[in-house]
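Please keep the structure open while you read.

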Amino acid sequence: MSDGTRQDGRREFLRAAAGSAAAVTLGIRPGRAAGQRGTRALKIGYVSPQTGPLAGFGETDAFVVGGIRKAVGSGLPLRGQTFPLEILVRDSQSDPNRAAEVASRLILSDKVDLMLVSSTPETTNPVSDQCEANGTPCVSSVCPWQPWFFGRGGKPETGFKSTYHFFWGLEDIIGVFVDMWSTLPTNKVVGALWPNDGDGNAWGDPQRGFPPALATAGYKLVDPGRYPNLSDDFSAQISTFKKEKVEIVTGVPIPPDWTTFWKQAAQQGFKPKIATVGKALLFPRSVEALGDLGDGMSTEVWWTPRHPFKSSLTGATAGDLAAAYTKETKKQWTQPLGFTHALFEVAADVLKRAAAPDDKSAVIAAIKATNLATIVGPISWAKGPVPNVTKTPLVGGQWGRGKDFRFDVSVVSNRAAPSIPASGKLRPIGPA
């Protein structure tokens with residue numbers, strides 16, 4: 001892609017309106033030349049949770065897909081031909097059974113050439129499993145690699161045939177959390193909120209999860225056990241944390257469960273110094289739901305407008321993408337914005353490089369050979385912690401009062417990724 005073409009694409013992307021409703025097929029209409037040559041449309045399936053308790057992960061989907069539609073224009077130019085492109089967006093409804101069902105339909109009925117899937121093991125795993133069973137090329141993200149790989153029965157010596165993944169791992173988030181905690185004086189007693197789901201079971205895994213790593217780092221872990229998602233009473237956990245003098249709370253609850261827990265904690269007089277929580281605290285809306293209690297929450301940060309990366313497809317910087325989203329939707333950016341865009345960057349790059357973009361084996365080979373600088377950082381499956389996995393950078397952040405919005409997140413730990421600028425230091429949220 002020439003600089004001029006890339007700049008045109010960037011400008012077009014920044015002007016793009018949000019796409020159609022998520023459940024509707026978003027088609028790129030073929031240009032006249034493509035129609036005359038008779039090239040068939042290439043189909044990309046995309047599955048994410050757009051409704052239900054995980055809906056925050058899919059909030060930016062319509063905007064991203066609409067922008068990709070504009071950027072691609074009349075189709076993908078491949079070896080002297082222009083292939084029209086159809087993007088078929090499906091909602092998992094935050095239900096793994098529904099995710100598997102819509103993936104199966106995309107594969108068997110719609111006959112997609114490439115599947116993309118995002119957000120939590122409850123979405124990525126059933127969709128990836130359907131693709132693996134049918135030999136359909138699939139790229140997934142926004143799920144720590146361990147629950148995606150080991151949760152699907154992956155074996156490091158063999159890996160998978162048609163499914164690939166990019167994101168960070170538990171070793172990264174543990175390192176970021178411990179780095180943040182080490183900057184404040186505490187008694188090193190950590191209370192865990194791990195639900196009975198893919199993330200909770202992976203984070204609490206006694207071999208690969210938080211327990212052995214925290215013990216090595218000198219922390220005492222208080223684990224009251226798994227709880228069902230959408231619980232309405234956390235009194236038992238709060239009582240245990242108070243009894244054990246917990247000063248740090250961590251976990252990976254869904255957003256409504258953290259809101260319930262944290263409000264009940266305040267009502268019952270439990271006030272830890274630090275609350276560093278994955279998943280639930282990724283989204284501004286989740287923090288705002290806490291009211292004043294949201295100030296000081298900390299979490300992992302996988303993407304911000306200040307990340308020093310740009311899109312391989314449009315040339316837009318991370319800041320450009322976030323600003324365009326806010327301008328179009330009047331909403332605050334969220335972390336999945338960058339990763340959803342990156343999934344489509346990878347898709348376009350793979351289809352352009354594939355020896356035959358409508359041949360599954362050729363597309364799988366192109367995924368495996370990917371070496372791409374994206375808006376979330378470099379993506380290459382040449383080497384990884386296990387086959388089919390490549391990692392992206394991770395830093396730590398804390399929510400505080402914002403200027404343009406009620407709360408904003410500041411990067412407070414970048415030891416693992418110094419190229420991503422830090423803008424503050426972790427502060428306690430209150431006395432123990």
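A crossing of two helices is called left-handed if the near helix is turned anticlockwise from the far one by less than a right angle, and right-handed if clockwise. Helices (H or I, at least four residues) and strands (E, at least two) are DSSP runs, numbered from the N terminus.

This is a predicted model, where local features need pLDDT of at least 70, side-chain atom pairs count only at pLDDT 80 or more, and totals for chains, interfaces and linings use all residues. Residues are numbered from 1 along each chain as its sequence is written, and side-chain values use heavy atoms, with hydrogens and water left out.

**Confidence**

pLDDT is the predictor's confidence in each residue, from 0 to 100. Its mean over the protein chain is 89, and 90% of the residues reach 70 or more. Over residues 1-38, however, pLDDT stays under 50. Where pLDDT is low, the predicted coordinates should not be read in detail.

**Two helix pairs**

Axes are lines fitted to C-alpha atoms, for helices over the stretch in contact, and angles run from 0 to 180 degrees between N-to-C directions. Angles under 35 degrees count as roughly parallel, over 145 as roughly antiparallel, 65 to 115 as roughly perpendicular and the rest as oblique.

| Pair | Angle | Axes |
|---|---|---|
| H10 (residues 235-243) and H11 (residues 255-267) | roughly 55° | within 10 Å |
| H13 (residues 318-329) and H14 | about 110° | 10 Å apart |

The angle of roughly 55° makes H10 oblique to H11, and their crossing is right-handed. Ser-235, Ile-238 and Phe-241 of H10 make the contact (heavy atoms within 4.5 Å) with Phe-261, Gln-264 and Ala-265 of H11.

H13 and H14, by their angle, are roughly perpendicular to each other. Here Leu-321, Ala-322 and Tyr-325 of H13 meet Leu-337, Gly-338 and His-341 of H14.

**Buried spots**

Buried means under 20% relative accessible area, exposed over 50%, partly exposed in between (1.4 Å probe, protein chains only). In helix H15 (residues 360-368), the buried residues are Ala-362, Val-363, Ile-364, Ala-366 and Ile-367. They pack against helix H14 (336-353) and the strands E6 (114-118), E7 (138-141) and E8 (163-166).

Ala-275 lies in strand E12 (residues 274-277) and counts as buried because its relative accessibility is 0%. Beyond its neighbours within four places in sequence, Ala-275 has contacts that include Trp-258, Trp-262 and Ile-429. Gly-296 is 21 residues from Ala-275 in sequence, with 7.9 Å between their C-alpha atoms.
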